[in-house]
Amino acid sequence: MTGLNAWAVLYGLGLGSGLWLLLQLVPQLRRPRLAMRVAPYVMDLSAEARSILDRRSADPLPVVGLIFDAPLRKARELIEKFVGGAEVTQRRLHQAGLDLSVEDFRARQLVSAALGGAVGIAVASGASIVYSVPALSQVVVVCGGIVAGFIARDLVLQRAAAARTARMAAELPTVLEFLTLSLSAGEGILDALRRVSHISRGELSAELAGVTNAVATGLPLGDTLAGLAKHMQIPAFTRAVDQIVGALERGTPLADVLRAQAQDSRDEAGRTLLELSGKKEVAMLLPLVFLILPLTILFALLPGVFVLQVGF
């Protein structure tokens with residue numbers, strides 16, 4: 001009964017807070033004072049009128065907001081430290097290829113947190129029925145589910161962004177070679193980008209198509225490519241864009257620059273593959289040591305142990 005009483009108190013606090021929020025949002029039917037009615041018209045001339053209008057707050061809980069302002073600010077800073085701020089989240093959304101704003105993604109995070117809390121409530125309720133679980137432990141389980149749901153959505157975004165940037169890094173040498181061929185055939189850099197974006201089918205080609213569309217609306221090519229490199233955060237692509245922008249400013253032949261960048265990208269891809277193979281080498285030994293070798297020893301010793309037990 002102690003656990004049920006604790007849940008009843010928790011649900012009652014939530015219901016009371018929700019009703020208080022709804023009550024605070026109900027408009028007041030009393031007539032506004034004369035100063036309040038005149039203040040919007042003289043706010044440019046009177047500091048007192050501006051102070052009167054500044055006192056009006058849309059916050060339904062001004063007192064509670066004032067009390068918990070510092071803890072909420074610290075919690076916001078802590079969350080941004082672990083999951084990233086608005087700029088980091090926007091960059092990850094762009095890297096993942098998701099056409100979402102930061103607000104939409106935060107809304108999805110809240111939905112994930114709510115689902116995690118629901119799972120935590122179900123687990124805590126089921127455990128309290130079978131065992132005598134303290135109320136504090138149940139609250140910890142629910143809060144853990146909420147935090148896990150909130151962070152899990154961000155981890156999914158990070159994995160999607162990392163996977164897409166890896167695909168674009170793998171496509172970069174081929175795209176640069178196509179650009180080199182187009183430039184060697186006499187096309188300009190913008191026409192070469194447009195041709196590659198139409199012919200190729202990949203993540204990087206889709207980003208280059210967005211660049212050509214932005215340039216068609218009047219944006220400078222160098223600034224658009226630099227902005228794309230800043231959002232993608234791919235070192236090889238950033239170096240290629242820097243070389244392209246520098247060549248456009250100095251008048252250097254772009255074909256030779258892109259050919260060198262394509263070779264550098266392939267060399268870097270080879271080095272990355274060697275590093276990845278070195279890291280996976282240890283992981284490949286795990287099934288050999290913990291699965292194949294024990295089974296081999298077991299099959300080698302089992303017939304002898306069986307013969308000794310039988311007595312032949």
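Student: Which element gives the largest share of the lining of the second largest pocket?
Tutor: That is α13, with six residues. Keep in mind that this is a predicted model.

Student: What volume does the second largest pocket have?
Tutor: About 360 Å³. The elements giving two or more residues to its lining are α8, α12 and α13 (254–310).

Student: How many residues line it, and which lie nearest the centre?
Tutor: The second largest pocket has 17 lining residues. Nearest its centre are Ala166, Ala169, Ala170, Glu268 and Thr272.

Student: How does that lining split by class?
Tutor: Eleven residues are nonpolar, five are polar and one is charged.

Student: Switching to cavities. How many are there of 30 Å³ or more?
Tutor: One. The largest cavity has a volume of about 70 Å³.

Student: Which elements each supply at least two residues to the lining of the largest cavity?
Tutor: Three helices do: α8 (135–184), α10 (203–216) and α12 (235–250).

Student: And which residues line it?
Tutor: Among them are Leu172, Val175, Leu176 and Leu179. The lining also includes Leu204, Leu208, Phe237, Ala240, Val241 and Ile244.

Student: What classes do the residues of that lining fall into?
Tutor: Twelve are nonpolar. None is polar and none is charged.

Student: Let's zoom out. How many helices and strands does the chain have?
Tutor: It has 13 helices and zero strands.

Student: What percentage of the residues is buried?
Tutor: Buried residues make up 27% of the 312 in the chain.

Student: What about contacts between residues at least 6 apart in sequence?
Tutor: Of those contacts, 57% join residues at least 24 apart.

Student: Now confidence. What pLDDT does the chain average?
Tutor: The average is 79, and 83% of the residues score at least 70.

Student: Which helix has the lowest confidence, and which the highest?
Tutor: Helix α4 (residues 62–67) is lowest, at a mean of 52. Helix α10 is highest, at 88. Helix α10 is also one of those that supply the lining of the largest cavity.

Student: Where does pLDDT stay under 50?
Tutor: Over residues 56–61. For that stretch, the model has seven contacts beyond four places in sequence.

Note on methods:
Residues numbered from 1 in each chain as written. Predicted model: local features only at pLDDT ≥ 70, side-chain atom pairs only at ≥ 80, totals over all residues. Heavy atoms only, no water. 1 Å grid on protein atoms, 1.4 Å probe; cavity = no way out; pocket = protein on both sides within 12 Å on 5 of 7 lines; lining within 4 Å. Points joined across faces, edges and corners; volume = space filled by probe spheres on them. Helix = DSSP H or I, 4+ residues; strand = E, 2+ residues; numbered from the N terminus. Nonpolar A, V, L, I, M, F, W, Y, C, P; charged D, E, K, R; others polar. Buried < 20%, exposed > 50% of the residue type's maximum accessible area, 1.4 Å probe, protein only. Contact = heavy atoms within 4.5 Å. pLDDT = per-residue confidence, 0-100.
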